[in-house]
2 protein chains.
Amino acid sequence: MQTKDLSINLATVRQQWNLSEAVEACARHGIIAVDPWRDQVAAVGLAEAARVIKANGMRVSGYCRGGMFPAADAAGRQAAIDDNKLAIDEAAAVGAECLVLVVGGLPKGSRDMPAAREMVADGLAAILPHARANNMPLAIEPLHPMYAADRACVNTLSQALDLCDILGDGVGVAIDTYHVWWDADLAAQIERAGAAKRILGYHICDWLVPTRDMLLDRGMMGDGVIDFRHIGAMIEKAGYRGLIEVEIFSAADWWKKPGDEVLRTVIERFNSVT
Amino acid sequence: MQTKDLSINLATVRQQWNLSEAVEACARHGIIAVDPWRDQVAAVGLAEAARVIKANGMRVSGYCRGGMFPAADAAGRQAAIDDNKLAIDEAAAVGAECLVLVVGGLPKGSRDMPAAREMVADGLAAILPHARANNMPLAIEPLHPMYAADRACVNTLSQALDLCDILGDGVGVAIDTYHVWWDADLAAQIERAGAAKRILGYHICDWLVPTRDMLLDRGMMGDGVIDFRHIGAMIEKAGYRGLIEVEIFSAADWWKKPGDEVLRTVIERFNSVT
């Protein structure tokens with residue numbers, strides 16, 4: 001892969017820099033794209049976020065994140081829909097190429113996964129007209145099954161693509177190696193996603209052995225067991241030509257290092273491993 | 001569910017008792033079946049294990065465990081095959097109704113999941129004649145995807161059933177709620193498994209939120225988010241009439257409580273939650 005395809009998900013350096021500092025650092029390192037998180041945008045203000053991104057000529061590979069549709073009652077579900085519409089507006093304001101969706105898990109106190117999945121489908125259908133009106137593609141990100149209870153009840157590419165089939169235009173998938181690498185059905189589903197023109201984002205980070213924390217111990221490419229060349233070749237063969245986004249949550253390691261060292265390492269590994 | 005269907009996987013009380021003590025304790029509590037682990041059998045000796053199980057009239061719902069087929073070289077793979085044949089002999093000696101298989105993950109240093117999966121298929125094919133000759137069904141247990149790297153590269157019921165289709169008679173699946181509860185394809189695959197007469201075991205424990213340890217923080221039924229009634233009804237509808245095995249690895253909680261309290265709680269929850 002070439003650095004010209006690299007985007008930095010700004011969660012990767014969230015402990016080191018605020019959004020403006022992170023964007024300027026990326027520019028210094030020759031990186032041409034970022035993916036900011038809503039809380040990072042809120043911390044500097046939407047206008048400043050849009051300004052610094054534009055001033056540095058950055059593409060915005062995605063905007064993190066919408067979703068979290070299931071809720072225990074109708075008011076909660078409506079609040080999620082309203083908040084997702086705001087996220088669509090913010091994504092448009094920063095010039096994002098898609099809004100990344102982590103769909104949400106079980107509502108508090110519930111054990112009913114089929115019901116949670118229905119709430120996700122209903123929520124997506126409810127925000128889709130607003131997304132289409134703003135030309136903002138919605139990227140459903142299937143999350144690793146270990147997050148099924150509390151973060152996302154969409155856990156495979158197959159499941160996400162089934163949702164896309166139902167919803168129609170304006171929806172696709174963000175494929176993150178961390179969440180999908182284990183799936184024996186991965187090759188077939190990437191091919192399916194490509195044929196249906198549904199691949200809106202490709203995110204990478206590594207699976208460490210052992211994984212010491214279920215949320216915040218994601219690895220730098222090359223430090224774990226994921227075969228990035230193999231998966232990357234499948235993604236390319238499926239026709240995806242977009243940015244490749246590095247997204248590493250790493251409380252014990254990378255979040256503790258200087259941001260410039262993190263970016264240098266990302267670039268080096270991006271060129272050597274992927 | 002009725003206590004007459006309950007089996008205790010002896011890992012549930014491995015910190016409290018050796019195999020003989022555990023079997024006698026289960027008998028005291030009116031439990032009629034167990035599933036011992038190989039190291040527990042080795043600790044008291046195979047002859048004593050067989051004796052105490054028979055003396056207490058216990059059924060043996062499964063024997064844990066064979067598998068771990070992938071290895072970095074041919075000698076390692078052959079050693080795994082030889083060891084699995086021994087496990088089949090031991091399972092027969094204790095009167096087990098099946099040998100449970102955790103198939104193994106990536107060989108050390110490898111990132112090649114397709115190759116690991118081939119090694120699993122090859123290993124299963126190599127031990128199947130010995131299993132058939134001993135009338136010992138092989139129960140492939142798909143493990144949660146979070147164990148794909150280091151414990152099992154068979155991670156869904158669908159994938160396990162595909163292997164069964166290739167291998168033919170003498171192979172089936174052990175379905176453990178902990179490993180499969182998240183799967184959106186679960187209902188269809190349980191139906192498939194039942195239609196093909198492949199369900200050799202049904203294991204239960206709960207998924208805790210949060211899960212504090214990826215291996216040793218499994219929950220007592222009712223303490224987590226799994227809908228046991230829903231999954232149990234699917235298993236029953238699929239025609240399974242065998243034992244229901246409670247298997248809880250719980251370093252911080254249940255392994256620290258007196259064994260009699262654990263068994264009392266298992267029985268109480270088994271009757272109230274499942």
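A:Lys197 counts as exposed, because its relative accessibility is 74%. That lysine belongs to the loop between H8 and E8 of chain A, and its phi is near 55°, a positive value in a residue other than glycine. Please keep in mind while reading that this is a predicted model.

A:Asn135 sits in the loop between helix H5 (113-133) and strand E6 (138-140) of chain A. With a relative accessible area of 67%, A:Asn135 is exposed, because the cut-off for that label is over 50%.

| Residue | Phi | Relative accessible area |
|---|---|---|
| A:Lys197 | near 55° | A:Lys197, 74% |

**From the loop to a buried helix residue**

A:Ile88 is part of helix H4 (residues 74-93) of chain A. Is A:Ile88 buried or exposed? A:Ile88 has a relative accessible area of 0%, so it counts as buried. Leaving aside residues up to four places away in sequence, A:Ile88 touches A:Leu99, A:Ile127, A:His130, A:Ala131, A:Asn134, A:Met136 and A:Leu138.

**The sheet of chain A**

Now to the sheet. In chain A, 9 strands form an open sheet with parallel pairing, in the order E3-E2-E1-E9-E8-E7-E6-E5-E4. Strand E3 (59-60) and strand E4 (63-67) of chain A are at the edges with a single partner strand each, so one side of each has no neighbour in the sheet.

Several pairings can be followed residue by residue. Strand E1 (residues 6-9) of chain A pairs with strand E9 (residues 244-246) of chain A over 3 bridges, in the parallel sense, and A:Ser7 stands opposite A:Glu245 in E9(A). E8(A) and E9(A) also run parallel, joined by 3 bridges; here A:Ile204 has A:Val246 in E9(A) as its bridge partner. On E8(A) there is a further pairing, with strand E7 (residues 171-176) of chain A, where 4 bridges join the parallel strands. A:Asp176 finds its bridge partner in A:His203 of E8(A).

How many residues of strand E8 (residues 199-204) of chain A are buried? The count is 5 of its 6 residues, and the strand is mostly covered.

**Around E8 and H9 of chain A**

E8(A), H9(A) and E9(A) make up a right-handed β-α-β unit. The loop between E8 and H9 of chain A holds A:Pro210, which is joined to A:Val209 by a cis peptide bond with omega about -5°. Chain B also has a cis peptide bond, between B:Val209 and B:Pro210, with omega about 0°; B:Pro210 is in the loop between E8 and helix H9 (228-237) of chain B.

Helix H9 (residues 228-237) of chain A has a helix beside it: its axis and that of helix H8 (residues 186-195) of chain A come within 8 Å and cross at roughly 30°. Because of that angle, H8(A) is roughly parallel to H9(A). The crossing of H8(A) past H9(A) is right-handed. On the H8(A) side the meeting residues are A:Leu186, A:Ala187 and A:Ile190, and on the H9(A) side A:Ile231, A:Met234 and A:Ile235.

**The sheet of chain B**

Chain B has an open sheet of 9 strands with parallel pairing, ordered E3-E2-E1-E9-E8-E7-E6-E5-E4. Strand E3 (59-60) and E4 of chain B are the edges; each has a single partner strand, so one side of each lacks a neighbour in the sheet.

Why is E4(B) described as largely enclosed by the rest of the structure? Because 4 of the 5 residues of strand E4 (residues 63-67) of chain B are buried. E4(B) runs parallel to strand E5 (residues 99-102) of chain B, with 4 bridges joining the two, and B:Gly67 has B:Val102 in E5(B) as its bridge partner. Between E4(B) and E5(B) the chain passes through helix H4 (residues 74-93) of chain B, in a right-handed β-α-β crossover.

Further along the sheet, strand E8 (residues 199-204) of chain B is joined by 3 bridges to strand E9 (residues 244-246) of chain B, and the two run parallel. B:Tyr202 is opposite B:Ile244 in E9(B). Helix H10 (residues 259-273) of chain B packs on this sheet, touching strand E1 (6-9), E8 and E9 of chain B, and its direction makes about 140° with that of E1(B).

Methods:
Residues numbered from 1 in each chain as written. Chains lettered and ligands numbered in written order. Predicted model: local features only at pLDDT ≥ 70, side-chain atom pairs only at ≥ 80, totals over all residues. Heavy atoms only, no water. Buried < 20%, exposed > 50% of the residue type's maximum accessible area, 1.4 Å probe, protein only. Pairing = 2+ DSSP bridges. Right-handed = clockwise from strand over helix to strand, strands pointing away. Axes fitted to C-alpha atoms, helices over the stretch in contact; angles between N-to-C directions. Parallel < 35°, antiparallel > 145°, perpendicular 65-115°, else oblique. Left-handed = near helix turned anticlockwise from the far one by under 90°. Contact = heavy atoms within 4.5 Å.
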